[in-house]
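Please keep the sequence and the model in view while reading.

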Amino acid sequence: MPSISVIVPVFNAQESIAELTTQSISFLRTESIIHEIILVDDGSKDKSWQIIKNLTTEHKGIVKGIRLSKNFGQHQATIAGIGKASNDLIVTIDDDLQFDPASIGLLLMKAKETGADIVYGLPEKSETKTFSSKLWKFLARNINNSTGEGSSFRLIKKDIAKKTASHLQPFVFIDEVFSWYTRSISFVKVPHKKRILGKSGYTKRKLVSLTSNLIFFYSSVPLKMMTWTGMFFSMVTFILGAFFLFKKLFFKVTVPGFTALIVTLLFTTSIILLCFGIIGEYIRRIYLVMNSVPNHHIAEVSE
């Protein structure tokens, strides 16, 4: 049985974090799995950090606590936890007890059955309600050619997790980074409870910010739109310019100077729009380089 590191990004979870830790340890001990619990306090304003320190004392050698200097976000907190993980498999889970820690067993069974690098635990009843979630799933499926599905409850092989943790950009959306390294991804339905403790840390303002970050950090859609729009309108204006030039040469033009003006304007505009399209393509390639998109990832070697 592989060893497991359970990573929990914590934000204002003083009411649930102790119970979540207790349930996680109880399940893993029952299954005789070597484990550690890593609790990452993502700038909580309540007593979460004090509770985490108490848990590290109570479960010495099993529970580790990390406190970030401010609120960096769930994905960044998860990456901080991955950096401290030492076991074979990484499991990430929210701090609100909506996912049952015992469902880790379902992730393990699916991973053993499929050999997948990543297994997502999807709620039995889909609760995707936020615009950002719906928009990103659409973009991921139809444009970025990735799975377009996922959740914060996941099992990840250590090598994939560590590769993901090496991405140190200001904004890292780990589910998209996973798809850069592997397509061996499976899904399993797991129980999902309604939130009864606390409230979601994702305000409307944060959701809008998340959506814009997802689009501009992990999608080249705006640049592609710029490229194709520039190319299209450069062709349109070029054709219009050619039309008015043809009209001047073969038909009578009643307004003196009109053809020269319109042809000059349209041909100049077509060149500018074409240049915008070319610049868009260069910026898209710069984006790929700056985002550290890997050109390969070795999954296994046999010699």
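Leaving aside its neighbours within four places in sequence, with which residues is Leu 39 in contact? Taking contact as heavy atoms within 4.5 Å, they are Val 8, Val 10, Ile 17, Thr 21, Ile 52, Leu 55, Val 63, Lys 64, Gly 65 and Ile 66. This is a predicted model, in which local features need pLDDT of at least 70 and side-chain atom pairs count only at pLDDT 80 or more, while totals for chains, interfaces and linings use all residues. Residues are numbered from 1 along each chain as its sequence is written, and side-chain values use heavy atoms, with hydrogens and water left out.

Leu 39 lies in β2, a strand (a DSSP run of E, at least two residues). β1 runs parallel to β2 and is joined to it by 7 bridges (DSSP pairing requires at least two). Within this pair, Ile 7 stands opposite Ile 38.

A nonpolar core is a set of buried Ala, Val, Leu, Ile, Met, Phe, Trp, Tyr and Cys residues joined through side-chain atoms within 4.5 Å. The largest holds 34 residues, of which Ile 4, Val 6 and Leu 39 touch the most other members. The helix α1 (a DSSP run of H or I, at least four residues) gives the most to this core, with 5 residues. A second, separate core of 24 residues includes Leu 68, Ala 85, Ile 90 and Ala 165.

Terms used. Buried < 20%, exposed > 50% of the residue type's maximum accessible area, 1.4 Å probe, protein only.
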